[in-house]
Amino acid sequence: MSVINFKALEAAPLGHDPYDHVLVPGLITKAALDAANADFPEIGRAGSFPTGQLKYGPGFAALIDALEGPELAAALGAKMGIDLKGKPTMVTVRGQAKPTDGQIHTDSSGKLVTVLLYMNPAWEEPNGQLRLLRSPTDLDDYAVEVPPAEGTFLAFPCIENAWHGHHPFDGERRTIQLNWVNSRAYKTREQVRHSISAFFKKFKR
């Protein structure tokens with residue numbers, strides 16, 4: 001089963017405002033998207049969870065395998081001008097958002113590129129839509145707003161001015177985050193950190 005629509009990625013422009021980014025509403029084929037959502041892990045708590053901490057079916061596993069595959073690394077790296085070939089990858093998954101999520105931030109400098117793939121039905125809520133920001137202080141000073149609708153793919157480099165965030169939302173908000181990182185040592189540290197965090201989240205309501 002074909003998972004990634006590479007023609008859609010090739011046709012998508014590289015945006016530059018407020019920083020380089022690639023936005024593709026239809027990157028994942030419909031059949032693959034339906035299979036992945038049917039097998040999406042049950043996540044009843046807010047927070048990011050590594051795939052190793054979750055249980056899911058083959059449809060979701062096929063999507064993760066495709067996202068971490070060399071074809072996407074080569075195609076996206078070529079478009080963004082970043083060498084991603086052979087770089088370690090990390091994947092975390094969110095199923096729920098809480099009101100304190102979405103605060104303005106940049107991603108760690110240990111990461112090279114962040115990909116966000118949204119897995120929600122058509123998004124009608126005004127809140128919970130990611131904004132690519134021009135500054136670290138104003139959530140309303142944005143260049144791009146991304147509704148987390150099913151199949152929407154967003155990628156951007158993890159650079160010092162890649163500010164992003166969203167207005168608070170409380171409820172189901174399915175997101176897959178893929179990162180290429182600069183070393184296996186960084187990946188190992190992050191896996192340990194996420195594992196400890198996931199352990200303690202089990203005791204939170």
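This is a predicted model: local features need pLDDT of at least 70, side-chain atom pairs count only at pLDDT 80 or more; totals for chains, interfaces and linings use all residues.
Residues are numbered from 1 along each chain as its sequence is written, and side-chain values use heavy atoms, with hydrogens and water left out.

Biologist: What radius of gyration does the protein chain have?

Modeller: The radius is taken over C-alpha atoms, and the globule rule is 2.2 Å times the number of residues to the power 0.38. For 205 residues, a compact globule would come near 17 Å, and the chain agrees with that. The C-alpha atoms fill a box of roughly 40 × 40 × 40 Å along the principal axes. The radius of gyration of the protein chain is 16 Å.

Biologist: What percentage of the residues of the protein chain count as buried?

Modeller: Buried means under 20% relative accessible area, exposed means over 50%, and partly exposed lies in between (1.4 Å probe, protein chains only). The accessible surface of the chain, from the Shrake-Rupley method with a 1.4 Å probe and only the protein chains shown counting as cover for residues, comes to about 10000 Å², of which 52% belongs to carbon and sulfur atoms. Of the 205 residues, the buried share is 50%.

Biologist: How many helices and strands does the protein chain have?

Modeller: Helices (H or I, at least four residues) and strands (E, at least two) are DSSP runs, numbered from the N terminus. On that basis the secondary structure comes to five helices and 10 strands.

Biologist: Is strand β5 largely enclosed or largely open?

Modeller: β5 covers residues 111-118. Seven of its eight residues are buried, so the rest of the structure leaves β5 largely enclosed.

Biologist: What arc do the buried residues of α3 cover?

Modeller: In α3 (residues 58-67), the buried residues are G59, F60, L63, I64, A66 and L67. The arc is that of the directions from the helix axis to the C-beta atoms, and these residues are on the same side of α3 because they cover an arc of only 160 degrees.

Biologist: Which residues are exposed on the other side of α3?

Modeller: Contact means heavy atoms within 4.5 Å. The cover over the buried residues of α3 includes α2, α4 (70-80), β4 (89-97), β5 and β10. On the other side, the exposed residues are P58 and D65.

Biologist: Within what arc do the buried residues of α2 fall?

Modeller: A32, L33, A36 and N37 are buried in α2. Seen down the axis, these buried residues line one face of the helix, since they fall within an arc of 125 degrees.

Biologist: Which residues are exposed on the other side of α2?

Modeller: The buried residues of α2 have cover that includes α3 and β10. On the other side of α2, the exposed residues are K30 and A38.

Biologist: About how far apart along helix α2 are D34 and K30?

Modeller: A salt bridge is a side-chain nitrogen of Lys or Arg within 4 Å of a carboxyl oxygen of Asp or Glu. The side chains of D34 and K30 meet in one at 2.8 Å, N to O. D34 is partly exposed at 37%, and K30 is exposed at 54%. Because they are four residues apart in α2 (residues 30-38), their separation is about one helical turn.

Biologist: Is D101 buried or exposed?

Modeller: D101 forms a salt bridge with R94, with the closest N and O atoms 3.5 Å apart. R94 is partly exposed at 28% relative accessibility. D101, at 11%, counts as buried.

Biologist: How many residues apart in sequence are the parts tied together by R131 and E145?

Modeller: The side chains of R131 and E145 meet in a salt bridge at 2.8 Å, N to O. R131 lies in β6 (residues 130-133) and E145 in β7 (residues 142-146), so the pair ties together parts whose separation in sequence is 14 residues.
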